[in-house]
Amino acid sequence: MDIIIDQKEGISKERLAEMNTSFAELKKMHESLAKLSDTPEKKALSAKLGGLNTKLQELFKNNLIKAIERSVKGEDVSLELDRLDNALDETNNQIDEILEKIHASVEAELKEASDASKTTAKSSVTAITILAIIMILFTIIGALILMRTILESILKLQVVAEDLAKGNGDLTK
């Protein structure tokens, strides 16, 4: 406590500056979370978290600092510190509950996105397989047509060659 509280001056200016910086960072994080909230439930959780952040800030800045200042003056603030400790515990529990809900929501979204990507991947594999089979069938059909055309020409040429070999060749055909 000596680092946080000077027995003559109360809370140091450096410690107050650190507290203000921490609360400013919490506010920025809350604003980011509020922007990311895309459902009414998430927006409600974000708003509740923002309210608890404000309550936490008030508990520290108003109640704790004033109690420490009165304690430095020699006043008994033990009951006030007990009430403050209870209020901080309650606020901490509420924040934990909200953060657990947000965490569960993010986990559910990750699972949903993962399932969707797996489904898309399976669909893509199926589509590629079907396209490959179709291409193979077209290739086989094209090869058969080409073979038939070449064989017909060879057979016609064979008939003409046989006619020529027999001496009956008609060169005008």
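## Overall shape

The protein chain has a radius of gyration of 41 Å, whereas a compact globule of 173 residues would be near 16 Å (taken over C-alpha atoms, with the globule rule being 2.2 Å times the number of residues to the power 0.38). Along the principal axes, the C-alpha atoms fill a box of roughly 135 × 30 × 20 Å.

Please keep in mind that this is a predicted model, in which local features need pLDDT of at least 70 and side-chain atom pairs count only at pLDDT 80 or more, while totals for chains, interfaces and linings use all residues. Residues are numbered from 1 along each chain as its sequence is written, and side-chain values use heavy atoms, leaving out hydrogens and water.

## Fold and helix H1

Helix H1 covers residues 13-36 and spans 35 Å from first to last C-alpha, close to the expected 34 Å (1.5 Å times one less than its number of residues). Met19, Phe23 and His30 of H1 are buried (under 20% relative accessible area, with a 1.4 Å probe and protein chains only). The buried residues of H1 pack against helix H2 (40-72).

## Burial and contacts

Across the protein chain, 17% of the 173 residues are buried. Of the contacts between residues at least 6 apart in sequence, 62% join residues at least 24 apart (a contact means heavy atoms within 4.5 Å).

Methods:
Helices (H or I, at least four residues) and strands (E, at least two) are DSSP runs, numbered from the N terminus. Buried means under 20% relative accessible area, exposed over 50%, partly exposed in between (1.4 Å probe, protein chains only).
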